[in-house]
Amino acid sequence: MSSDDRREQLKADYIALRGVWSPVWDQLLDADPDFFEAYLKFSGVPFRDGGHLDPKIKELLLVAIDSAGTHLNEPGARVHIRRAIELGATKEELVEVLELTATLGI
């Protein structure tokens with residue numbers, strides 16, 4: 001498999017598992033496909049094997065992580081907010097997650 005084919009396969013695997021892709025990931029995938037593959041295996045565990053939580057709840061947790069004062073990943077938060085809405089999250093649920101997350105830095 002060529003390196004371009006491998007990158008495309010890893011990208012397709014990520015999308016199949018997580019249901020979303022951010023252009024930010026292209027940079028990591030291009031820089032180090034081996035690391036990206038390891039990250040995909042690690043970060044994908046809740047999406048592969050974690051059938052106990054609803055996908056919407058998983059996305060709300062990712063919104064909380066990306067919005068936390070110690071992380072502040074605005075592009076990631078946008079991706080996960082959009083995905084949470086697609087999975088049925090309400091405005092009230094999103095606001096509550098952000099309110100709870102905001103208190104973590106206090």
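Which residues in α1 meet which residues in α3? I looked this up in a predicted model, where local features need pLDDT of at least 70, side-chain atom pairs count only at pLDDT 80 or more, and totals for chains, interfaces and linings use all residues. Residues are numbered from 1 along each chain as its sequence is written, and side-chain values use heavy atoms, leaving out hydrogens and water.

**Entry 1: the helix pair.** I found R6, R7, L10, D13, Y14, L17 and R18 in α1 meeting P33, D34, F36, E37, Y39, L40 and S43 in α3. Contact means heavy atoms within 4.5 Å. By class, I noted seven nonpolar, one polar and six charged residues. Nonpolar covers Ala, Val, Leu, Ile, Met, Phe, Trp, Tyr, Cys and Pro; charged covers Asp, Glu, Lys and Arg; the others, Gly among them, are polar. Helices are DSSP runs (H or I, at least four residues), numbered from the N terminus.

**Entry 2: salt bridges.** I looked up the total: the structure holds eight salt bridges. A salt bridge is a side-chain nitrogen of Lys or Arg within 4 Å of a carboxyl oxygen of Asp or Glu.

I checked R6 and D34, whose closest N and O atoms are 2.8 Å apart. This pair links distant parts of the chain, with R6 in α1 and D34 in α3, 28 residues apart. R6 is partly exposed at 24% relative accessible area, and D34 is exposed at 52%. Buried means under 20%, exposed over 50%, partly exposed in between (1.4 Å probe, protein chains only).

I then took D4 and R7, which meet at 3.6 Å, N to O. Both lie in α1, three residues apart, about one turn of the helix. D4, R7 and D30 are linked in a network of salt bridges.

Note on methods:
Helix = DSSP H or I, 4+ residues; strand = E, 2+ residues; numbered from the N terminus.
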